[in-house]
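Please look at the points below with the model open.

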Amino acid sequence: MRPVSPVAVLGAECICAAGPTLDTCMESMLQGGHGPASPTLFACEQPEPFPVFEAADFTPGPGEDKYSRTVQLLLHTTRMAFAKAGITPDALEGLRVGVCIGTSVGASLNFLDYYKRQKQSGDLELAAIHTYVRSNPATALARRYGFTGPAQAVVNACSSGTDAIGMGAAWVRQNLCDLVVAGGADELSEISYNGFARLMITSPEQCRPFDKNRKGLNLGEGAGVLLLASERTVAKLRGSVPAQVLGYGTCSDAHHLTAPHPEAFGLERAVNDALAQSGLGCGDIGFINVHGTGTANNDPVEGFLLKKLFKDTPFVATKGYTGHTLGAAGAMEAVLTVAGLEQGILPACHGFCETDPNIGLAPVARATKTSARFALSQSLAFGGNNSAIVLKRGDA
């Protein structure tokens with residue numbers, strides 16, 4: 001595979017439990033963050049509620065109450081990204097702006113209240129259905145801003161956000177778009193909450209990525225976006241470039257419905273493809289943002305690959321601050337990777353205390369300065385999908 005041209009990142013933003021913007025998220029994470037709590041967005045009938053990371057408070061824009069919470073999170077983050085990049089809607093006139101958004105639950109399961117009303121009283125009021133129909137994250141965002149480029153929702157489990165960024169960067173390289181809003185968004189759902197509990201991979205306490213005593217994941221919610229642009233668009237908008245997307249790789253294990261291949265077959269190929277597109281080797285990567293769910297299966301598989309390819313490379317696991325945001329996870333972690341490159345500092349792995357001898361590696365245990373020029377963000381998904389992107393510091 002030959003190297004491809006880099007794609008500029010004009011802006012990066014997110015919302016999650018750690019804060020309503022990237023800057024507040026980083027500030028909170030570097031100060032130690034906070035733990036999860038019992039869900040408040042829906043009634044929980046579990047005998048002992050599993051804690052979750054609900055997104056920080058934010059105010060939806062005018063008219064956005066007609067959308068799902070997933071879309072509201074996405075629209076908030078996109079507004080923040082444009083504002084941070086100094087881009088006004090008028091500046092985008094005449095540009096081919098595409099939208100590529102990853103999601104998993106995406107509010108498509110949040111119908112329990114409607115079903116209960118319909119079953120108990122025959123109530124056929126269709127407001128919930130209308131909200132669902134208009135709440136495809138990609139098309140909702142495109143319509144909100146009047147973007148006329150391609151709009152694609154990527155639903156590929158927990159790698160969806162990473163895949164959306166990889167696809168969006170390809171649209172820019174192929175001259176299909178001048179600018180792409182790429183990322184992911186997902187809200188908490190009672191059905192996915194109970195589903196993960198039934199899978200017995202949800203922790204009853206703070207998740208502990210890579211820790212010897214980890215007990216599973218904490219679900220979370222949020223959104224993350226990157227504004228990807230061609231060189232011509234960067235020049236037209238006179239924007240600064242905090243980072244670049246260099247390469248993307250994706251590969252399926254074809255191994256198991258939920259568990260990754262124990263020897264990281266698909267993940268290794270995805271990482272190697274992302275490096276090949278970037279024209280880099282393993283030794284060029286300054287740090288890695290791992291998937292790091294804190295589950296029995298995920299962490300050893302990532303550890304296997306790290307020892308094989310990146311034994312001395314520092315790595316961070318940020319789900320101890322954000323929870324596992326499903327389809328938004330890869331995008332959110334890409335945004336946090338951009339922040340690590342730009343600010344030159346990595347947050348400690350919240351929840352990690354003791355190295356697992358079966359893994360033999362430990363994530364960054366305290367806030368750590370870095371001069372990394374290149375970083376890797378990787379995602380593992382149900383269905384055996386593995387995706388990775390390589391990012392470059394903007395001034396490198």
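1. One cavity of 30 Å³ or more is present in this predicted model. A cavity here is a set of points on a 1 Å grid over the protein atoms alone where a 1.4 Å probe fits but cannot get out. The largest cavity holds about 50 Å³ of space, a volume being the space filled by probe spheres set on the points, which are joined across faces, edges and corners.

2. The lining of the largest cavity (residues with an atom within 4 Å of a point) includes Met-26, Met-29, Phe-287, Asn-289, Ile-345 and Leu-346. At least two lining residues come from each of α1 (22-30), β7 (287-289), α12 (329-343) and β9 (345-346). α12 gives the largest share, three residues. Helices (H or I, at least four residues) and strands (E, at least two) are DSSP runs, numbered from the N terminus.

3. By class, the lining of the largest cavity has eight nonpolar, four polar and no charged residues. Ala, Val, Leu, Ile, Met, Phe, Trp, Tyr, Cys and Pro count as nonpolar, Asp, Glu, Lys and Arg as charged, and the others, Gly among them, as polar.

4. Helices α2 (residues 69-85) and α5 (residues 137-145) have axes that come within 10 Å and cross at roughly 50°. Axes are lines fitted to C-alpha atoms, for helices over the stretch in contact (heavy atoms within 4.5 Å), with angles from 0 to 180 degrees between N-to-C directions.

5. Numbering runs from 1 along each chain as its sequence is written. Local features need pLDDT of at least 70 and side-chain atom pairs pLDDT 80 or more, while totals for chains, interfaces and linings use all residues, and side-chain values use heavy atoms, without hydrogens and water.

Terms used. On a 1 Å grid over the protein atoms alone, a cavity is a set of points where a 1.4 Å probe fits but cannot get out, and a pocket is an open set with protein on both sides within 12 Å along at least five of seven lines; lining residues have an atom within 4 Å of a point.
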